[in-house]
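Visitor: I would like to go through a protein interface with you. Could you take my questions one by one?

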Amino acid sequence: MSQQLTREILVELESLRLIDPHTHINPMAAASKTLADIMGYHYYTELAHSAGLAKSRIEEPGLDPKEKVSRLVPWLATIENTAQYSWLLEMSREFFDFQDDQITEANWESLYDNSLKKMSEDNWEQQVLEKSGLDQVYLTNDFDDPLTGFDTRFYVPCLRTDDLVFHLSKTVVRERLKKSTDSSPTNAEELKSALAKLFVHFTANNARACAISLPPSFAPEPVDLATADPIVGKVFQGKDLDSKEQTVLSQFVFWTLTEYCAEFKLPFDLMIGVNRRVFEAGVFQGQDLYDKRVSLIQYKTLLNAFPQVTFPISVLSETSNQELVSYAWIFPNVVTNGHWWYSNIPVYIENDTRGRLQAVPKTKQIGYYSDMYKLEFALPKFAMYRRILAKVLAEDFVVRRNWNVEKTVELGKLILRGNVETIFGEAS
Amino acid sequence: MSQQLTREILVELESLRLIDPHTHINPMAAASKTLADIMGYHYYTELAHSAGLAKSRIEEPGLDPKEKVSRLVPWLATIENTAQYSWLLEMSREFFDFQDDQITEANWESLYDNSLKKMSEDNWEQQVLEKSGLDQVYLTNDFDDPLTGFDTRFYVPCLRTDDLVFHLSKTVVRERLKKSTDSSPTNAEELKSALAKLFVHFTANNARACAISLPPSFAPEPVDLATADPIVGKVFQGKDLDSKEQTVLSQFVFWTLTEYCAEFKLPFDLMIGVNRRVFEAGVFQGQDLYDKRVSLIQYKTLLNAFPQVTFPISVLSETSNQELVSYAWIFPNVVTNGHWWYSNIPVYIENDTRGRLQAVPKTKQIGYYSDMYKLEFALPKFAMYRRILAKVLAEDFVVRRNWNVEKTVELGKLILRGNVETIFGEAS
Amino acid sequence: MSQQLTREILVELESLRLIDPHTHINPMAAASKTLADIMGYHYYTELAHSAGLAKSRIEEPGLDPKEKVSRLVPWLATIENTAQYSWLLEMSREFFDFQDDQITEANWESLYDNSLKKMSEDNWEQQVLEKSGLDQVYLTNDFDDPLTGFDTRFYVPCLRTDDLVFHLSKTVVRERLKKSTDSSPTNAEELKSALAKLFVHFTANNARACAISLPPSFAPEPVDLATADPIVGKVFQGKDLDSKEQTVLSQFVFWTLTEYCAEFKLPFDLMIGVNRRVFEAGVFQGQDLYDKRVSLIQYKTLLNAFPQVTFPISVLSETSNQELVSYAWIFPNVVTNGHWWYSNIPVYIENDTRGRLQAVPKTKQIGYYSDMYKLEFALPKFAMYRRILAKVLAEDFVVRRNWNVEKTVELGKLILRGNVETIFGEAS
């Protein structure tokens, strides 16, 4: 019975057009140009590398796209069990008329050629958007992105702040900041002024959120100007910081950004728990992992200090999901946000979705974002999520709580899209 | 098939009368007087606050009960998905003849008036107890509770010790201790004597357990009199303790209480993992959260030192459940106890129940307690638990292990009630 | 539908003969001689002890096997709900023609006598192996095991290194090392040479892996000879080490062993997370527990330093499974390995299996090992795992991903056996 109900709910959810509230799309090159853009996504390169393909074969300089795909294909058999592979298969079928059950050394080349033909069509980007039912795609922009050359009402800017919080000690980052803000900070106050300019620039260009990914060790605290001053001075003189100074600088910048989120009325997407470059010899974007020993209690001071800022929070480890549920249940400014990266796997999505639907106000849950680098990925990722959401809704609400299907579908639509509009602002 | 089996088992479990081994009932005002007593429960106020209702609207001094409910009702739509809301709906239907699918601005007033009529009946408390099938309700009494004015065979006293362990540095707590024990401790030995009087008083009044909630950072250790002496002296002179002294004092008092649990043969309910006042601007009782980075290894010394004391242990985070299962599997004095607070949500109850039933001796599991502040809550909370328990029993024992229904129901009854009697003492 | 599919897949998996890649079998006495060898397994003694049976009744010196069983039997009713008990029942039925639903004070004696008759047959060991479908059984040998007197092609040696890494400060361990390597190390270099001899000896005798169990606090780091020298000197002079020196010594030995794993091409089984002797008054082998606050990030340096060594990793806490999945997804040298001890319970096996099958390359997953001390345990333990694996395969691959049964069964066989052969070397 619940399988029939799941299908009934799923059909309704599939009729809903989507807003994707967190991606890494480059709006100047949103869609893929070749299959290598899809299979070059780190999910495939890192899994193939993990299964045995040498990094040098994947990242050889000047590698031809078709050659790259031909090197990855033999390894697909070793990862065909993964959810990530299922996305590849679904993309191949939905976008490129692929008919087989698996991508093999025998059939990949026709898939490659077919997909190349499709992707070469003038309106490929629009075809993908239409087939995927996307009304808006949120970006994750570098702080010095000019935000020009694309329609910011469709490709919605979002200010990514990792570099500012964690990498000001790199010359290149400071230079980018100086250039983009036409300033040359020498103390904490001047750094704050420079950062303010970024918010002016981004909000003038329809930005809807500030975003950052945070290591498990990070714990935001306010830092007063007097404390920050010498450290800001030092780093902008190009001097090295010790690790304690680096922490204080990160806290100062982070806190300042949050103050501007309050002032400029931007939600601050916190993506909590990633350790960068854990596997140093890994492929591009396939080097990061995590330490599950992180707690939202580290954000206590922040959450109390900024009741007026909405924090859509993503956690990397599923062992953090119950904390996220509990903090969103108690703190008005905490919103649950999607299923991130290592937790973006059916078994964790299903369990985490249940917890959120059972204990967090329905208006405070952003169901899903694709985190995609290329447009084609929204379709299979949202499809995966929708199937799980439909199953949870059927089992937990229609069967267990005797909700009717109509009301249950309404809840699903709120989670899937409605809350994105109310939390980040409606599609314009 | 398993759904039919679940129903068959559920009917049997529903026929069982209950003992509720942990509540916060005030035996002088056990049942609700108005719907505000129910909807004023922190689960609703904190969720409404989390969804957007201002604290000042909820906690306005002198607020009329009906007005309070009228302010909460519009927010119920935002939390209708939650398990907590499902309890409210079930109470409304079972106790107040509510017929609709949801409580809305259109129908709440008749619900309020109907419920007021019911609650105003002379024997309302007895009606609730009868409909809920409750044979006994355990309390959580302040250490200076006179324990008079109610039937301690029905409302069973339990010595709550949070204030003693963590708040002796507050003048009001020391004064309450002095008054209730007719003593004025100046050193560790005298403090021990004062505490002994509390155990004499409580056990003379049918107390069946000592109880405490503990922060994630707490780790019990024995403290000798010589070490404790100056700290006890200092605190009873009203001087401030530094954080290290406070820890030692807490450990000394906690260890002393456990010694008395051994001497007076009381189980010691440990409720592990809560951080108090995390959300400082939250509503009453809606401020506490937790840090999942806690381990039962912190209780190693205690569990080894007191083999003669039974410790029914509740954990706040579901990430602690497997540890609880493992420690109860190995330590004779560890008993699994209910599904506490942020883990009292179907998805966690189901998973945690499976783990316990699959690996802990069946005689060492206390299935459930309501944790309620008002009597009406036992019905929907136990109902929720029973449905989950029936499902787990049907799937894991009848289907997977080929147990017959009769034997399976016996296991369910043991978990639901039998163990409460053997662990805390039979209903008298 | 999925139940029918599960049965269909299960039948196929049951037809597969097995290699058990991690056991504690003594090849000179592999099978049980009496039922006391089975019921004396720590799973039953520790659960009976936890339920109330005194340790002195279980471990009385000189206790007759039949008397021992007679003392345990009355407690079986208290643990009949556990997975561990279900293994006992399945062994009794499969090996000893036991027909009843439970083992009671009324029927245990005939079970004892029947089993004694069976076990006394000349070829009992062969009967068990045949009925269990075992092609190979991996051992866990002390480093000074002569590895003679048994067929190492069937009972495959594996070098257990706990004593070397954590107990060199014990005189008896150093004496065993000196004797088995015919050496008397006085410095780090000489200790390395002695350890090399162990690898020569083990690999000459068909050893297929090095193995170790590790406490939650351990974090491998390289230690240079100059740092190690004085500590090695000190410990081999019989002097006490402080805890910092002990840590450095453990790190030095562990790192050296890993270097030899690289040189001798042995996988290194890491079993991460056990705290020894937590319950000091527990029964034999029933004293160990854990601290879930452990992370694979502690192994970052190691995993980066030894890309050429395969690390089949087992984690004790299910809260570590997602980290294991993620690290195996990224690191080519990390393989997921079985379901260990406190996580070897259906609810955790099922969840953990889903996570692994959904996100780790299929070639990097060793499904199961029995961890058994006596041969009879492989049958019920593998049977339990196979049932769960079949259920997950049916639900997640046939139903959700539309795989056909044949392909799904192939995946199951790879997880269950194929990967054992490729990772440790084929059955010879």
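Visitor: Before that, what kind of model is it, and how are things numbered?

Guide: This is a predicted model, in which local features need pLDDT of at least 70 and side-chain atom pairs count only at pLDDT 80 or more, while totals for chains, interfaces and linings use all residues. Residues are numbered from 1 along each chain as its sequence is written, chains are lettered from A in the order in which they are written, and side-chain values use heavy atoms, without hydrogens and water.

Visitor: How many residues does the contact take from chain B and chain A?

Guide: Chain B contributes 44 residues and chain A 40 residues, contact being heavy atoms within 4.5 Å.

Visitor: And how many salt bridges cross it?

Guide: Three are found between chain B and chain A, a salt bridge being a side-chain nitrogen of Lys or Arg within 4 Å of a carboxyl oxygen of Asp or Glu. One of them joins the side chains of B:Glu80 and A:Lys407, at 3.1 Å from N to O.

Visitor: Which classes make up the side of chain B that touches chain A?

Guide: That side has 19 nonpolar residues (Ala, Val, Leu, Ile, Met, Phe, Trp, Tyr, Cys and Pro), twelve charged (Asp, Glu, Lys and Arg) and 13 polar (the others, Gly among them).

Visitor: New topic: what superposes chain C on chain A?

Guide: A rotation of 120 degrees with 0.0 Å of shift along its axis does, with RMSD 0.0 Å (least squares on C-alpha atoms of residues with pLDDT of at least 70 in both). The two copies are therefore related as by a three-fold rotation axis.
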